[in-house]
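This report looks at how the parts of one protein chain meet. Please have the sequence and the 3D view open while reading.

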Amino acid sequence: MSNRVEYSFDKNRKVEESYKFTLPELYRKIAHEELREDDVVREQALTQMREWIVSNPHIRKCRVDAPFLLRFLRFRKFSVPLACEALEQYLMVREMYPSWYKKLDTSDPEMRRIQESGGFYALGQDSAGRMVMLTKVVQLEKGRFTPLQVGRFIVLLLEALLELEEVQVGGILLLADYTGMSMDLFEGWGATELKIAMDAFTRFIPVRYQEMHAAKLPKVAVSFMEYVLSFVPPKLRELIHCHATIDKLKEQLEPSMTPQIYGGTIDAVELTNKFWERFEQQNENFALGLDKFEIDLDHYTAVWSKQNPDMAEAKAFKKLSID
């Protein structure tokens, strides 16, 4: 019997299941201390958020299961109004830029090629409960991927990570190794693409970044990366640390989580493959299923334009499609 989950997008359906917090005690402690989450707060917030979605005439089809809504509640530390706002922004950006967010599929050849490139590794949770993600940027450069392809894969990766409640609670420690990178990877990244990408990764997809560390950034890329960071919210920029050597990057890794490529014992490829296998086994057509969201596009287009006047030049992306 398959244990895969296929989520409903009927916002009016009666939610029968009763949510239970099943993560290890470490995450219960993090949830309480960092997110103000306990059993009572969680149940009340889920009820209020579901009622808001049902009563919102501009949201037509939406998941109302606890794992999905908790993404936003945990992201906004259980402020229901802020969580509802975050959900609306997430739904809006999916409709504004379908070429980045729609028709994501783990079996797509280009997504598979990036997945197998060695550009992104999921190393698992450290002792602080953080999901440790490592990117070897030069591997993406060698693959000759376009900005849109890389951007779509990162959206898919973040969606997969957020299906794990331990990631919702514990957040992500991101490590970026720029060893051997040239400027080739940045060719084709214009202001519009960067704005869409950085807004997606830092504002509209509800990810709790705990820390970000980068090492060995080439001098020729410094000015470009400073430009990239101009699109990142100030509070998030405070979490970013740059190092001159890989040894400094390795110091962010616990010895038991250091991959073989850095002299440790962990097989990063095997761990990453297990991460994707777990995701694909537990979720039935998950990423493609997200295309079932439906909103009042006329209403939200006006809202989006008002909230994001600096994105006017990016509207052309709405008409792009992915074959």
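## A salt bridge between R208 and E34

In this predicted model, R208 and E34 form a salt bridge through their side chains, with a nitrogen-to-oxygen distance of 3.0 Å. A salt bridge is counted here when a side-chain nitrogen of Lys or Arg lies within 4 Å of a carboxyl oxygen of Asp or Glu, so the pair R208 and E34, at 3.0 Å, qualifies.

## The two domains

The chain is divided into two domains. Domain 1 is made of two stretches, 25–101 and 292–318, while domain 2 covers 109–281. Their centres, taken over C-alpha atoms, are 23 Å apart. The contact involves 29 residues of domain 1 and 32 residues of domain 2.

A record also describes part of the chain. The UniProt annotation, from an unreviewed entry, places "domain: CRAL-TRIO" at residues 108–270. This span is 44% helix and 18% strand, and the C-alpha atoms at its ends lie 21 Å apart.

## The interface between the domains

The size of an interface is often stated as the accessible area that is lost when the parts come together. For domain 1 and domain 2 the buried area is about 2,800 Å², and 61% of it is on carbon and sulfur atoms. On the domain 1 side, the residues that lose the most area to domain 2 are Y27, R71 and W100, which together account for 30% of what that side buries.

How many salt bridges cross the interface of domain 1 and domain 2? The rule finds 5. Counting polar contacts between domain 1 and domain 2 gives 9 residue pairs, with both residues at pLDDT 80 or more.

Several helices contribute to the side of domain 1 that touches domain 2. Helix 1 (25–35), helix 3 (66–75), helix 4 (80–96) and helix 5 (98–101) each supply at least two residues to that side. Sorted by class, the side of domain 1 that touches domain 2 has 19 nonpolar, 3 polar and 7 charged residues.

Q149 belongs to helix 8, which runs over residues 147–162. Q149 and R208 are 59 residues apart along the chain, and their C-alpha atoms are separated by 23 Å.

Which residues does Q149 touch, leaving out those up to four places away in sequence? They are E110, M111, R113, I114 and R144. With E110, the side chain of Q149 also makes a polar contact of 3.5 Å.

Notes:
Residues numbered from 1 in each chain as written. Predicted model: local features only at pLDDT ≥ 70, side-chain atom pairs only at ≥ 80, totals over all residues. Heavy atoms only, no water. Domains from an automatic or database assignment. Contact = heavy atoms within 4.5 Å. Buried area = accessible area lost by both parts, 1.4 Å probe. Polar contact = N/O pair within 3.5 Å; in protein donor to acceptor, adjacent residues only side chain to side chain. Helix = DSSP H or I, 4+ residues; strand = E, 2+ residues; numbered from the N terminus. Nonpolar A, V, L, I, M, F, W, Y, C, P; charged D, E, K, R; others polar. UniProt positions renumbered as here; feature names shortened; annotations may be inferred.
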